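I put down what I looked up and what I found, entry by entry.

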Amino acid sequence: MPPKKLRLQRTSLVLNPLFQLGVAALACVIWPFLLTARFLPAGVNDYVAQNTLVACLVALVLGFMLHRSLSNLPGTFESYGILPGYLTSFGLVLAVILLFRVEYTRSLLVMSFLACIVWFFAVYLMVQRRTLLRLGVIPGGRLPRFDELTGVTSRVLTAQSTLDDIDAVTADFRHEHSDAWEARIADYTLSGIPVYHSKDLYESLTGRAELENLSENNFGALGPANSWMLPKQVIDWLAALIIGPLVLPICLVAAVAIRLDGPGPILFRQSRMGYRGKEFTVFKFRTMRVCTPSGGKGSVDDLITRPQDNRITRIGKFLRFTRIDELPQLINILRGEMSLIGPRPEATGLSDWYQSEVPFYRYRHIVKPGITGWAQVNQGHVAGVDDIKMKLQFDFYYIRNFSIWLDILIVMKTIKTMLTGYGHK
């Protein structure tokens, strides 16, 4: 299995992690320390400044590890992990300092934090956005269309091909290659050129698990990491308890706006399919007019929200754009029916229909549904069967790679989604 995100074997010094970390230590910690020691008032003694120097170095190393862990996830740019990584590391270091009442220099801590953000964003702007994966493809078997992916160029290899302009090689390991190709694959590996199974590499680059390569026997390998289940549930409850009072004023304003906008209930309740296939009632702010079902109660057509749907109210458009309509689902989290992050729950009628049309659809219920999820931030709102198949690929990838790092990345992408309105209907 390849790493979450393929690291290219470039000769550029700036792409070397040790170089990035070394420059950060000098420019973001040691240089601010020297400035602090030279220019700040005499009340700041060497002992206090040295304490802060050590704290900043620890925060830098920890933040660098977090930054790279987040950036290794599929379909991400190097920039996604910068801000959350260093916010977390400097925040933890500051919490330890305050807990143990260690004397420190606030200005040095802030200067180092800001310098780290500036430096690693500069690295991203200089090289990472222009990084291109040059892939050699060994013919034979089932091969994804790598040339359709952004940031990837690929060419089919022949017996006479040179690998001077190739970063990595991929092949379908399930295919029975000739003895000559088997020997060449071994030579590639021994010469230091990474060789990846095409299916695993494609999933790593796209963040999707291809349904065509799944069977009932694959489900054990798709199972989520149980070690993250309980901590995730505790975090969900604590987050809901903390977020609830903070967003209560927003909820009150939304409720008043819905009431003034037209007749109908403030909250929308709907039966949806949840964890392990159990139905539950989801709560949302109502964003549509109360209409008589066109095809009878529970009609699939009535359950699907179309682009520019004329049932959406004026205030409803804003609530959907900002995702404020999802806030009442904090109640579902406190009731243990949902998580902050997971596959989006579908209406029971839609879920039954998708299950009849898409193989393995019901398997997505192996984890709790979420207010936001991997498919939600990568694809947005979908309704048609073809779109659902791609959504299921994202869902299965999330289940297979169930981790705190993926959840943190989804939170960051959700914030971006809320600011841009991506994927709303």
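**Entry 1**

I kept in mind throughout that the model is a predicted one. For W353 I read a relative accessibility of 28%, so W353 lies between the limits of 20% and 50% and counts as partly exposed.

**Entry 2: the other aromatic pairs**

I then searched the whole structure for aromatic pairs, and the search returned 9 of them. One of these is formed by Y86 and F120, which are stacked, with 5.2 Å from centre to centre and 15° between the planes. I noted that this pair links distant parts of the chain, since Y86 sits in helix α3 (residues 82–99) and F120 in helix α4 (residues 106–126), 34 residues apart. Y86 and F120 are both buried.

**Entry 3: helices α2 and α15**

Next I looked up how helix α2 (residues 46–71) meets helix α15 (residues 404–420), and I found that their axes come within 9 Å and cross at roughly 80°. The angle falls in the range of 65 to 115 degrees, so I describe α2 as roughly perpendicular to α15. On the α2 side the contact involves L66, S69 and L70, and on the α15 side W405, I408 and L409. Sorted by class, the contact of α2 with α15 has 5 nonpolar residues, 1 polar residue and no charged ones.

**Entry 4: the sheet around β3**

I turned to the strands and found an open sheet of 4 strands, ordered β2-β1-β3-β4, with parallel pairing. Its edge strands are β2 (152–156) and β4, each of which pairs on one side only. From one strand to the next the twist averages 30°.

I then followed β3 (residues 168–171) to both of its partners. Strand β1 (residues 133–137) runs parallel to β3 and is joined to it by 3 bridges, and in this pairing L135 stands opposite A168. With strand β4 (residues 195–197), β3 also pairs in the parallel sense over 3 bridges; here V169 stands opposite V195, and A171 stands opposite H197.

Are the residues on the two sides of β3 buried or exposed? I found both faces covered, with A168 and T170 buried on one side and V169 and A171 buried on the other.

Last, I looked up helix α6 (residues 198–206), which is mostly covered, 8 of its 9 residues being buried. The buried residues of α6 are S198, K199, D200, L201, Y202, E203, S204 and T206, and I note that K199, D200 and E203 are among them. After α6 comes G207, with a positive phi near 75°.

How values were computed. Residues are numbered from 1 along each chain as its sequence is written. This is a predicted model: local features need pLDDT of at least 70, side-chain atom pairs count only at pLDDT 80 or more; totals for chains, interfaces and linings use all residues. Side-chain values use heavy atoms; hydrogens and water are left out. Rings of Phe, Tyr and Trp (its six-membered ring) pair if their centres lie within 6.5 Å; planes under 30 degrees apart count as stacked, over 60 as edge-to-face and the rest as tilted. Buried means under 20% relative accessible area, exposed over 50%, partly exposed in between (1.4 Å probe, protein chains only). Axes are lines fitted to C-alpha atoms, for helices over the stretch in contact, and angles run from 0 to 180 degrees between N-to-C directions. Angles under 35 degrees count as roughly parallel, over 145 as roughly antiparallel, 65 to 115 as roughly perpendicular and the rest as oblique. Contact means heavy atoms within 4.5 Å. Ala, Val, Leu, Ile, Met, Phe, Trp, Tyr, Cys and Pro count as nonpolar, Asp, Glu, Lys and Arg as charged, and the others, Gly among them, as polar. Two strands pair if DSSP finds at least two bridges between them.
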